[in-house]
Amino acid sequence: MKLVSATANPHKYKEMKEILSGKIDLLPRPDEIPEIVEDASDLNGNALLKAQGIMKATGLPAIADDTGLEVEALNGAPGVHSARYAGPDANGGENIEKLLNELASVPMNERGARFRTIIVILFPDRSIITAEGIVSGKIALTPKGKLGFGYDSVFLPEEVPGKTFGELTNSEKNRISHRGKALQGIIGKL
Ligand code: IMP
């Protein structure tokens with residue numbers, strides 16, 4: 001089966017392509033499709049907006065993911081606002097800096113967090129399949145590791161004590177990650 005990816009993020013595309021390899025032929029998002037405004041109030045809504053934009057532009061089944069980092073001590077923030085946590089044009093480094101500042105006085109045992117991903121596949125006949133993936137862990141005191149992207153260098157997954165996602169190879173991350181779990185779930189529903 002062929003699916004067009006809605007992500008404009010090359011890191012996400014690479015992860016998705018690896019996880020789906022041998023099962024789905026994941027086509028890259030065509031460059032000419034303009035940016036899709038992600039202004040829904042939750043991850044499901046944003047994933048659906050992205051899938052709709054790509055499905056309408058290509059006429060092909062589209063797959064979209066939306067991800068949020070939910071931090072317990074911040075009552076679930078940044079959540080759906082994770083991409084623009086430090087401002088509308090914020091980059092990964094600025095978002096991490098804001099997160100670590102907000103948590104500056106929070107001790108390690110209260111730094112619980114999780115990544116949550118919603119994946120949506122939208123078909124031209126308007127049928128929809130969705131799946132959720134969650135990985136629990138903690139926010140590190142300082143960034144560690146140069147691999148991955150986004151908040152990876154400050155997320156310590158429960159499954160790999162003492163290491164951030166930024167210190168894991170792609171295949172190590174994909175095996176336990178929110179995106180890996182959501183994609184395995186959606187494959188099971190196809
Ligand atoms: P979006 O799903 O592309 O809107 O991502 C929301 C925010 O979460 C962005 O700042 C991403 O960089 C970040 N993000 C998404 N997936 C991951 C991940 O797997 N690791 C670390 N950060 C991520």
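This is a predicted model: local features need pLDDT of at least 70, side-chain atom pairs count only at pLDDT 80 or more; totals for chains, interfaces and linings use all residues.

With which residue does Glu-15 form a salt bridge? The partner is Arg-179, and the closest N and O atoms of this pair are 2.7 Å apart. The bridge connects distant parts of the chain, since Glu-15 belongs to helix α1 (residues 10-20) and Arg-179 to helix α5 (residues 178-189), 164 residues apart. Are these two residues buried or exposed? Buried means under 20% relative accessible area. Glu-15 has 2% relative accessibility and therefore counts as buried; Arg-179, at 1%, is buried as well.

Let me turn to a second pair. Asp-66 forms a salt bridge with Lys-50, with 2.8 Å between the closest N and O atoms. Asp-66 is in strand β3 (residues 62-71) and Lys-50 in helix α2 (residues 43-58), so this bridge ties together parts that lie 16 residues apart in sequence. Both Asp-66 and Lys-50 are buried. There is also a network: salt bridges with shared partners join Lys-12, Glu-15, Asp-65, Asp-152, Lys-173 and Arg-179.

How many salt bridges does the structure hold? The number is 14. One of them pairs Lys-2 with Asp-25, whose closest N and O atoms are 3.2 Å apart. Because Lys-2 sits in strand β1 (residues 2-5) and Asp-25 in strand β2 (residues 25-27), the pair ties together parts 23 residues apart in sequence. Here Lys-2 is exposed, at 51% relative accessibility, while Asp-25 is partly exposed, at 33%.

Thank you for your attention.

Methods
Residues are numbered from 1 along each chain as its sequence is written. Side-chain values use heavy atoms; hydrogens and water are left out. A salt bridge is a side-chain nitrogen of Lys or Arg within 4 Å of a carboxyl oxygen of Asp or Glu. Helices (H or I, at least four residues) and strands (E, at least two) are DSSP runs, numbered from the N terminus. Buried means under 20% relative accessible area, exposed over 50%, partly exposed in between (1.4 Å probe, protein chains only).
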